[in-house]
Amino acid sequence: MIAIARRLSIAAAAIVALVGGLSGIASAQTELTFWTWRQEDRAAYQTFFQAFEKANPGIKVRFEGFEPANYQTILSTALAGGRGPDVMQVRAYGNLESIARPGYLMALDKANAPETANFPDSALAAESLRADGKVYALPFASQTMLVVYNTELFAKHGVTPPGSWDELVALCKALKAKGVTPFANGTATAWQNETIVQALLSSLLGKEFEADLLSGKADFTDPRFVGALTKLNELKDYFAPNFSGIDYASSQQLFAAGSAAMFAGGSYEVAAFQKQNPRLKLGVFASPPAKAGEPSLVAVFYDGGYAVNARTDKKEAALKLVRWLGTPEFGTMLSGTLQNVSPIKGVKAEAPAVQQVMKLNENAMSYLMLVHFRYQEPSGSVLLQAGVQKMLAGQTTPAEVGAEITKGIATYYTPFKK
């Protein structure tokens, strides 16, 4: 009996030691939470994080996606309560400021994140707080406003991308005459009206108009803006049937199904369309200029960045993850997997569509309202979206839209105060 008791005692001690050892292993594991509004990228990010975890043993990353429309509110509420994720995707420009200004995010610089040197100044500016000039996130992608088209439908009906506005109208007429809906776009989703403007009208607006807005030489009653809206108003006959009742998701489905030839939107649409219909053959082109031979422009903006929660108790691991998200290694993975243009210097794209977008970006203006007029209320985006929605519904004129936008922005924008 004594021998048996001794053996049981030894076994018990071994179990205690084993449990203790496992506990030690578990406690050595750091789990980071990562929040984003891009739920559709879950599979891609799980692959990205596996690569990070392999290079950084002892750190695990848990992906949590939220509804895009509610993400900013959910994130702000959590951070204000001293909670929230360790690392998060944050939006850029005005939306970045709303959570950086209260001190919710860790400032990044060359000392704690040398990878900031991997980005152009314009990308870092999108993730900076204007009040202190500090960077609070490393940008993850730039997006380009342009026209996506179905290359097989174009070839089938013998048409090519237009070199001028008149050629665009002629192209639309030709497609419609053959029973093809030229543009899948609808206007029921408000923000879509802003994307339509910049995707189709950048070349008509021009870089000089943007510079004049910033210097105060022009406002939105300028003939260049009103004239461009007038052109857009004339194009509405080539949008989806009953377009005023067509929301964003329905527009996407219409184009992805091959029922329309073009979609005025962003470069981010390409991967989404090909995910919905892998058989689609797609091309992109810039907004057509007024006359053939004039330069074509696209509009570019930075989509958001990766930030560290200033209150996380896992700062070392969180910073390690964000720094990794700022490397060329990650930029190449993002570009190849999600077909986005990485803002990281030196990253090259393999996908032809992404290469096309990068080529178009060589002649670009800003996505006006997001980059310059989305910091205060009423934001330029809200004013433009509402105005264009009403204009395309026949409820107001291009001149009235320009006047309303100018009046709203003038409440806080000094150059418009006259």
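1. Helix α15 contributes the most residues to the lining of the largest cavity, namely three. Helices (H or I, at least four residues) and strands (E, at least two) are DSSP runs, numbered from the N terminus. The model is a predicted one, in which local features need pLDDT of at least 70 and side-chain atom pairs count only at pLDDT 80 or more, while totals for chains, interfaces and linings use all residues. Numbering starts from 1 along each chain as its sequence is written, and side-chain values use heavy atoms, with hydrogens and water left out.

2. The structure has two cavities of 30 Å³ or more, and the largest cavity holds about 60 Å³ of space. On a 1 Å grid over the protein atoms alone, a cavity is a set of points where a 1.4 Å probe fits but cannot get out, a pocket is an open set with protein on both sides within 12 Å along at least five of seven lines, and lining residues have an atom within 4 Å of a point. Grid points are joined across faces, edges and corners, and a volume is the space filled by probe spheres set on the points.

3. The largest cavity is lined by S142, Q143, S267, Y268, V270, Q339, N340, V341, A353, V354 and V357. Two or more of its lining residues come from each of β4 (138–150), α12 and α15 (352–360). By class, six of the lining residues are nonpolar, five are polar and none is charged. Here Ala, Val, Leu, Ile, Met, Phe, Trp, Tyr, Cys and Pro count as nonpolar, Asp, Glu, Lys and Arg as charged, and the others, Gly among them, as polar.

4. The volume of the largest pocket is about 1600 Å³. Its lining takes in 49 residues, of which W37, R38, P68, R91 and W191 are the closest to the pocket centre. Helix α12 (residues 268–276) gives the most to this lining, with seven residues. The lining of the largest pocket comprises 20 nonpolar, 16 polar and 13 charged residues.

5. Helix α8 (residues 190–205) and helix α10 (residues 223–235) have axes that come within 10 Å and cross at roughly 130°. That makes α8 oblique to α10. Axes are lines fitted to C-alpha atoms, for helices over the stretch in contact, and angles run from 0 to 180 degrees between N-to-C directions. Angles under 35 degrees count as roughly parallel, over 145 as roughly antiparallel, 65 to 115 as roughly perpendicular and the rest as oblique. From α8, the contact (heavy atoms within 4.5 Å) involves I196, V197, L200, L201, L204 and L205, and from α10 it involves R224, F225, A228, L229, K231, L232 and L235. Eleven of the contact residues are nonpolar, none is polar and two are charged.

6. The axes of α8 and helix α17 (residues 380–392) come within 8 Å, crossing at roughly 90°. This makes α8 roughly perpendicular to α17. On the α8 side, A190, W191, N193, E194 and V197 meet S381, L384, Q385, V388, Q389 and L392 of α17. The residues in this contact are six nonpolar, four polar and one charged.

7. For helix α7 (residues 165–177) and α10, the axes come within 11 Å and cross at roughly 10°. That makes α7 roughly parallel to α10. W165, L168, V169 and C172 of α7 make the contact with K231, L232 and L235 of α10. The contact of α7 with α10 has six nonpolar residues, no polar residues and one charged residue.

8. Two backbone points remain. E377 and P378 are joined by a cis peptide bond, with omega about -5°, and P378 is in the loop between α16 (368–372) and α17. Y93, in helix α4 (residues 93–100), has phi near 60°, a positive value in a residue other than glycine.
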